[in-house]
Amino acid sequence: MFRKVLVANRGEIAVRIMRTLREMGIAPVAVYSDADRLSLHVRMADEAARLGPPPAAESYLRVEAVLDAARRHGVDAIHPGYGFLSENAAFAEACERAGFVFIGPSPESMRRMGSKVSARQTAREAGVPVVPGSEAAADLEEARRAAAACGYPVMLKALAGGGGKGMRRIGSPDELESAWALAAGEAENAFGDSRLYVEKAITRPRHVEIQLIGDRFGHLVHLGERECSMQRRHQKLMEECPSPLAAEHPGLRERMGEAALRVARAAGYHNAGTVEFLVDPSGNFYFLEMNTRLQVEHPVTELVTGLDLVKLQVLAAAGEPLPLDQEEVSWRGAAIEFRIYAEDPHNNFYPSPGTITRLTRPLGPGIRLDGCVYDGWTVPIDYDPLLAKLAVWAGSRAEAIERSIRAFREYDVAGIKTNIGFFRSILEDPAFRRAELHTEFIDEFLARRPEEPPDAAQETVAALVAAIHALEKKAPGVAEGRARSRWLEAGRNEVLR
């Protein structure tokens, strides 16, 4: 087993990986940019190495800087987390050449499944249905022919990307030319690759993914499905395990799980990975893509299966056989995850960096908070504004919704804007409670929901807390005691009402 592992990431995922490493008796090593010098993941690590200035291209994406840190700190392996270098096959190869174990799949599998063209070909060869469309469109005219063959509406998608960048939905032929220019430009800026492909748009689809884990001996199992249809701008905001579709369509989990395993076996895959599908209203599913890394939303699978995915990743990378067979995987209860962002829902979800002046975390049965922030920490503007992931487990989906509402009533972040109130309104929505989910649900919810003013009580509490902190800086201890407690409790009670 490894003695020391470098976590080549930041934020909540770095913290989450370090916690499992500590439980396994492995010393975690952090890397950081200048913007993250005081971050929680740096504080939690046994050792830490500076990578460079705040821009990711000058720090977290510098392969040689990461490898140099690994050499200087004498680590055995490198865990990439998600994002940054996690799906970079060249980085995985560089780790191996430098003598470090890469905690993830092989570079060959990453290349095969990281390319949308070869991934779709692999799925077809494995007998798994794919969404109709072109493998690549060399130019606008070829895109027109592919769209005509599919039938409108269609999706334009970047060959090299993800996260909704370089993606456009086209409803008719006269929209194609302008959308092509916009999507190609966005893809070039985001990925350095302007190539696009055309895909048939499925009306009101569900986005459902299957979690896989495998060892280096060819043993693969699936850990069930996650519902990822709650998206905004093609980015996931909420995830569930199990998907409500599993109850609506008996046998769907088994069919999708076996399809995902066929794709992974065809790619010679090992370690953690996720096969994503689109599901139409009739329950037909189509291969979308494969993510060759740990997913942001993995906690809901862990809560329902009782398994630690990071631990399984580390064991597989260390050459250990997978400690379970498919028939040993079971699912209990239901879990929902919420991505807590520093953003302003009343200003088109614009990022809201700044200093956290008060942080009260939700606690109690079934509550898990994977976070990276603390009271007094300044949220940097340089990176994705994800603060934490709140994952809630209960015996059923209905109970998980009620427990989530309770958790959000306890959750208090002052000094910055967050989407906590937005999630509370989603949880109260009758259509969400009935599990009438699809990838355009949030857009439709925002369109039908009347515009709400910012929460005045929350603003009052934030101002009060800021004033108390300012007073304490001038005269430490003045604001302590019963007076402070009364004011804060009164403000919190107002928010809860």
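**Strand pairing and salt bridges**

Trainee: Which residue in β3 stands opposite Ser33?

Mentor: The model is predicted, so local features need pLDDT of at least 70 and side-chain atom pairs count only at pLDDT 80 or more, whereas totals for chains, interfaces and linings use all residues. Residues are numbered from 1 along each chain as its sequence is written, and side-chain values use heavy atoms, with hydrogens and water left out. β2 and β3 (residues 47-52) pair in the parallel sense over five bridges, where pairing requires that DSSP finds at least two bridges between two strands. Within this pair, the residue opposite Ser33 is Gly52.

Trainee: Which residue in β2 faces Lys4, standing opposite Lys4?

Mentor: Strands (E, at least two residues) and helices (H or I, at least four) are DSSP runs numbered from the N terminus. β1 (residues 4-7) pairs with β2 in the parallel sense over four bridges. Opposite Lys4 stands Ala27.

Trainee: What is the handedness of the β-α-β unit made by β1, helix α1 and β2?

Mentor: A crossover is right-handed if, with the strands pointing away from the viewer, the path from the first strand over the helix to the second runs clockwise. The unit made by β1, α1 (residues 11-23) and β2 is right-handed.

Trainee: How many of the residues of β2 are buried?

Mentor: Buried means under 20% relative accessible area, exposed over 50%, and partly exposed in between (1.4 Å probe, protein chains only). In a regular strand the side chains alternate between the two faces of the sheet. In β2, Ala27, Val29, Val31 and Ser33 on one side and Pro28, Ala30 and Tyr32 on the other are all buried. The number of buried residues in β2 (27-33) is therefore seven of seven.

Trainee: Which residue forms a salt bridge with Glu47?

Mentor: A salt bridge is a side-chain nitrogen of Lys or Arg within 4 Å of a carboxyl oxygen of Asp or Glu. For Glu47 the closest N and O atoms are 2.8 Å apart. The pair links strand β3 to strand β1 across 43 residues of the chain.

Trainee: What is the relative accessible area of Glu276?

Mentor: Glu276 forms a salt bridge with Lys236, with the closest N and O atoms 2.9 Å apart. Lys236 lies in strand β11 (residues 235-241) and Glu276 in strand β12 (residues 273-279), 40 residues apart. Lys236 counts as buried at 11% relative accessibility, and Glu276 is buried at 2%.

Trainee: How many salt bridges does a search of the whole structure find?

Mentor: Some salt bridges share partners, joining Glu209, Arg226, Lys236, Glu239, Glu276, Glu297 and Arg339 into one network. Across the whole structure, the number of salt bridges found is 38.

Trainee: Which residue in β8 stands opposite Met155?

Mentor: Three strands form an open antiparallel sheet in the order β7-β6-β8. Its edge strands, each pairing on one side only, are β7 (168-170) and β8 (196-200). β6 (residues 154-158) and β8 pair in the antiparallel sense over five bridges. Opposite Met155 stands Glu199.
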